[in-house]
Amino acid sequence: MEANKVAVLLGYGPGIGKAVATKWTANGFRVAIVARTLEKLEEACKEIAGMTPFACDSWESSILANTLTVVMTKMGPVDHLIFNAGSGVWKKYDEVGVEQLEMAMKINVFALLTATQSVCPTMAERGGGTVIVTGATASLRGMPFTSVFASAKAAQKSLAQSIARQMWEEGVHICYAIIDAVIGNAPGKMSAESIANEYWHLSTQTPDCWTFMHHIQTKDSDMSLL
C-alpha cells in the first residue's frame, strides 16, 4: 500500500481511466482525475473512493498548467502521472483539414509537454516519480485511415522518449505503453483491468529494470510489428 501518495490521471473515462483509478486507489493512492466534464467526474467519485475531480480541457495548455497547479496545492506533490488523454480522427489524409491535425497534436503532444513540465521537476527534486503515457499501435505505423491519429501518436512517442532520456537520469521513470488491441471484455480484446495491471507493473519497476516502451498485445495479435 502506498499511503498518502498522489497520482494524477489525466483523461478519465469509463475504460482505461476507471480501471487505473480503481487500481491506484486500491493501493492507497489519492487520485486526482482530470477530464472535461465536472459532473461526470463527480459521479465517478461517488463510485470509487479516494478520487478528487478536476475539470479541465487538456488541450488548452494554460488551463491545464493552472489545473495541475491547483491539484498540487490541494493534494500535494505528484508521485505518479498517468497520461491517458487522447483523440482519434479516422480519415484519409485528403479528407482532413489542418485544424483536425492541430487539435490531435494539442491533445496528444502539447498536453503531454505541459503535464510533464508541471509535475516532473518536483518529482526529480523529491527523488523519483513515474509517468505512464497511453500510446497506440499507430505510433509505430501510419495507415490510410489514421493519417491524423498516427501523426499525433508518433510525435507523442518521440516526445515521451526525449523526456525519458533526460528524466531517467534524474530518477523519474517515463514510459510509453502501446495498447495494441481493441479494449473490451470479449475474445480478442484487451480488458481495461488487464491494462491497469500492466500500468501498475510499470509503476513498481525498480530502477535497475525500467521499461520505456511497453508494447501490450493479446495472444491473438498478428505480431506484425515485432
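Close-up 1. Lys46 is exposed, with a relative accessible area of 65% (exposed means over 50%, buried under 20%, partly exposed in between, with a 1.4 Å probe and protein chains only). Its salt-bridge partner is Glu43, with the closest N and O atoms 3.0 Å apart; a salt bridge here is a side-chain nitrogen of Lys or Arg within 4 Å of a carboxyl oxygen of Asp or Glu. Glu43 counts as partly exposed at 48% relative accessibility. Helices (H or I, at least four residues) and strands (E, at least two) are DSSP runs, numbered from the N terminus.

A word on what you're looking at: this is a predicted model, where local features need pLDDT of at least 70 and side-chain atom pairs count only at pLDDT 80 or more, while totals for chains, interfaces and linings use all residues. Residues are numbered from 1 along each chain as its sequence is written, and side-chain values use heavy atoms, with hydrogens and water left out.

Close-up 2. The structure holds five salt bridges, and one of them joins Lys18 to Glu47, with 2.7 Å between the closest N and O atoms. That pair reaches from helix 1 (Lys18) to helix 2 (Glu47), 29 residues apart. Lys18 is partly exposed at 28% relative accessibility, whereas Glu47 is exposed at 53%. In another salt bridge, Arg126 meets Asp79 at 3.0 Å, N to O. Arg126 belongs to helix 4 and Asp79 to the loop between helix 3 (61-75) and strand 4, so this pair ties together parts 47 residues apart in sequence. Arg126 is partly exposed, at 45%, but Asp79 is buried, at 9%.

Close-up 3. Seven strands make an open sheet in the order 3-2-1-4-5-6-7, with parallel pairing; two strands pair if DSSP finds at least two bridges between them. At the edges are strand 3 and strand 7 (213-216), each with a single partner strand, so one side of each has no neighbour in the sheet. From one strand to the next, the twist averages 20 degrees (axes are lines fitted to C-alpha atoms, for helices over the stretch in contact, and angles run from 0 to 180 degrees between N-to-C directions). Elsewhere in the sheet, strand 5 (residues 129-136) runs parallel to strand 6 (residues 172-179), and eight bridges join them. Ala136 stands opposite Ile179 in strand 6.

**Close-up 4. Strand 2 and its two neighbours.** Five of the six residues of strand 2 (residues 30-35) are buried, so the rest of the structure largely encloses this strand. Strand 2 pairs in parallel with strand 1 (residues 6-10) over five bridges, and Val8 faces Ala32 in strand 2. Getting from strand 1 to strand 2, the chain passes through helix 1 (residues 16-26) in a right-handed β-α-β crossover; right-handed means that, with the strands pointing away from the viewer, the path from the first strand over the helix to the second runs clockwise. Strand 2 also pairs in parallel with strand 3 (residues 51-55) over five bridges, and Ala35 stands opposite Ala55 in strand 3. The crossover from strand 2 to strand 3, through helix 2 (residues 38-47), is right-handed too.
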